[in-house]
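I opened the model to look up a few local features and kept notes as I went. The entries are in the order in which I made them.

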Amino acid sequence: MKKRVFSGIQPSGNIHIGNYLGAIRHWVASQVELENIFCIVDLHAITVPQEPKILKSKIIEVAGLLFAAGIDPKLSAVFVQSHISAHAELAWILNCFMPMGWMQRMTQFKEKSQKQKEQVSVGLFDYPALMAADILLYEADFVPVGEDQKQHVELTRDVAQRFNSIYGETFKLPEPVISEIGARIMGLDDPTKKMSKSEKQLSHAIHLLDSPDAIRSKIMKATTDSLREVRFDESRPGIYNLLVIYKLFTGRSRPDIEAQFKGKGYGDFKRELAEVIIEGLRPLQSRYRELMDDPTRIELWLAEGASKARSIAEKTLTIVKDKVGLG
Ligand code: TYM
């Protein structure tokens, strides 16, 4: 039996290289030796206001990007969260086993709710219960995510353990899988803040569908420092972040990269970096354009993914309902 991977991505905003380097490329790499389920989490997206038409088109865009990045619909089930009602149902049940105090500690909620103040929805507060439902429905062994999601996966383990201790062994405890490098790509405009889909500042993030000129302009504007040395040094977050991106796109070692740029300035390095990103994204962008010529194929793959995933999810939900005494 292959071990199972589950992970998710929100169809809100524009997918950026942080999502790609921190999550998507690992999903692509694990496809052969593991069983993979990837979810486009539209129910999570509506925890903050969304324009309906844009949300619908973003779902297809994100699916197209995942397939273009190399997710193979024959090897991995990719589906839309709202197509499988078990997610919302299990989230409700788990809600009833998650103390308010656990939720109040979630740093992502604290950060996001600060921006919205009193307008913040109950859904945003409850976001981690839905995420726990996503993972636990599929008895996932591994959950490959960026560092920002680690706390949510740990909470998922906590609620699974709590449920198991009350009702007996029911849920498998998932392991978060977080890469050592690239799990937290920082904003280009402010390298002290995580690169984020919701940030409006134009030069904050490189999106997977950015044109070569947009990529060059964003990289050239990226915040660095007043020193000149191109060296991996975590105390200089701007240049460090750019070097991490360079390393991940080229696959080269730190000493090799430092040797290449020894004695050169930030301008030279940034020019090289922009070209490396442009070339790194080129195959993905051209596959994406091909796929979008016929979006019905994407919809078909999503329907196939949902039908594979649904049978697993419904089995788990039936067991859980029975244990709790529902129905
Ligand atoms: P989302 O849509 O914000 O991000 C998708 C994935 O990209 C990672 N990521 C990053 N990695 C490195 N650097 C960054 N700057 C960066 N920004 C984002 C995220 O960690 C994530 O792995 N709550 C999740 C979606 C979700 C989910 C799940 C994930 C819902 N249910 C169940 C795993 C399992 C989210 O909003 O991801």
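The notes below cover a strand pair, a pocket, a cavity and one backbone angle.

**Ground rules.** I am working from a predicted model, in which local features need pLDDT of at least 70, side-chain atom pairs count only at pLDDT 80 or more, and totals for chains, interfaces and linings use all residues. I number residues from 1 along each chain as its sequence is written, and side-chain values use heavy atoms, with hydrogens and water left out.

**Strand E1.** I looked up strand E1 (residues 4–9) and noted that five of its six residues are buried, so it is largely enclosed by the rest of the structure. Here buried means under 20% relative accessible area, exposed over 50%, and partly exposed in between (1.4 Å probe, protein chains only). Helices (H or I, at least four residues) and strands (E, at least two) are DSSP runs, numbered from the N terminus.

I then followed the pairing of E1 with strand E2 (residues 35–40), which is parallel and runs over six bridges; two strands pair if DSSP finds at least two bridges between them. Ser7 has Phe38 in E2 as its bridge partner. Between E1 and E2 the chain passes through helix H1 (residues 17–29), and this β-α-β crossover is right-handed, that is, with the strands pointing away from the viewer, the path from the first strand over the helix to the second runs clockwise.

**Second largest pocket.** What lies nearest the centre of the second largest pocket? I found Arg184, Met186, Glu234, Tyr240 and Val244 there, out of 15 lining residues. Both domain 1 (4–183 + 295–324) and domain 2 (212–289) give residues to this lining, so the pocket lies between them; the bounds come from an automatic or database domain assignment.

**Largest cavity.** The lining of the largest cavity consists of Met106, Gln108, Phe109, Lys112, Leu124, Tyr127, Pro128 and His152, and helix H6 (107–116) and helix H7 (122–137) each supply at least two residues of it. For both entries, on a 1 Å grid over the protein atoms alone, a cavity is a set of points where a 1.4 Å probe fits but cannot get out, a pocket is an open set with protein on both sides within 12 Å along at least five of seven lines, and lining residues have an atom within 4 Å of a point.

**Glu139.** In the loop between H7 and strand E4 (142–144) I came to Glu139, which has a positive phi of about 50° although it is not a glycine. Its relative accessibility is 36%, so Glu139 counts as partly exposed.
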